Amino acid sequence: MQLILVHLKINLTFLMRYLQLTFFFMFITLHCFAQKQNNIWCFGDNAGLNFNTTTPTVLTGSQMSTNEGCASTSDSLGNLLFYTDGISVWNKTHAVMPNGTGLLGSASTTQSALIVPQPGSTTLYYIFTIGELGGSMNYTMVDMTLAGGNGGVVASSKNTVLHPLVAEKQCAFMRCDGSIWLISHEWNTNNFFADLITPTGINSTVVSAVGVVH
């Protein structure tokens, strides 16, 4: 009888913990909201895909024609904001943004452009561009409050040099505090650049020498 009671107590304890965890994760799920900033893709020769639909659908209207690097971004609801090949910037109506030409990306750079939101802002974005084969890495700011909400390139920020010589690759990821690391590689060295982007701007660069010369 004592053994049965012990097993019963253990099973009840396990059941209570299971139910507590179940309700905890149900509560957390109710407070999670989907982020759809990457749901619209513009790429290639006037091509596009819309991932807001259950089955992705073709997006028409893109004015961009590029063989290699490009980037696009949407708002949190999945509505297209703008896209770029690293040279020109088009808004959601597929018109070139004010000041949106002459960026220093390249039609022959594998990752010519990368769009990164300014941490803490819903209207400011960086476009990081890279030139071909050991070109410079530059950034240009987009302010979505300009041009009646369609966005425009901030002229004073256009083609600001971040690194003078980099390879054709770049990526970015968000930290748990909302700041963002931008990763690139110096041309003809084994140095990786990690640039920290915070609500106050690009604040620091960490250089890590690792791997082979690229």
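Partly exposed residues have a relative accessible area between the buried limit of 20% and the exposed limit of 50%. In this predicted model, Ala-147 has a relative accessibility of 42%, so Ala-147 counts as partly exposed. The residue sits in the loop that links strand 9 and strand 10 (152–153). Ala-147 is not a glycine, yet its phi is positive, at about 55 degrees.

Leu-133 also has a positive phi, near 50 degrees, and is a residue other than glycine. Leu-133 belongs to the loop between strand 8 (124–130) and strand 9 (137–143). Its relative accessibility is 55%, so Leu-133 counts as exposed.

Phe-43 is part of strand 1, which covers residues 40–43. With 30% relative accessibility, Phe-43 is therefore classed as partly exposed.

The largest pocket has a volume of about 730 Å³. Strand 4 (71–74), strand 7 (113–117) and strand 12 (166–174) are the elements that each give two or more residues to its lining. In total, 30 residues line the largest pocket. Gln-37, Asn-38, Thr-73, Ile-115 and Pro-117 are the lining residues nearest the pocket centre. By class, the lining of the largest pocket comprises 15 nonpolar, 13 polar and 2 charged residues.

Key: Residues numbered from 1 in each chain as written. Predicted model: local features only at pLDDT ≥ 70, side-chain atom pairs only at ≥ 80, totals over all residues. Heavy atoms only, no water. Helix = DSSP H or I, 4+ residues; strand = E, 2+ residues; numbered from the N terminus. Buried < 20%, exposed > 50% of the residue type's maximum accessible area, 1.4 Å probe, protein only. 1 Å grid on protein atoms, 1.4 Å probe; cavity = no way out; pocket = protein on both sides within 12 Å on 5 of 7 lines; lining within 4 Å. Points joined across faces, edges and corners; volume = space filled by probe spheres on them. Nonpolar A, V, L, I, M, F, W, Y, C, P; charged D, E, K, R; others polar.
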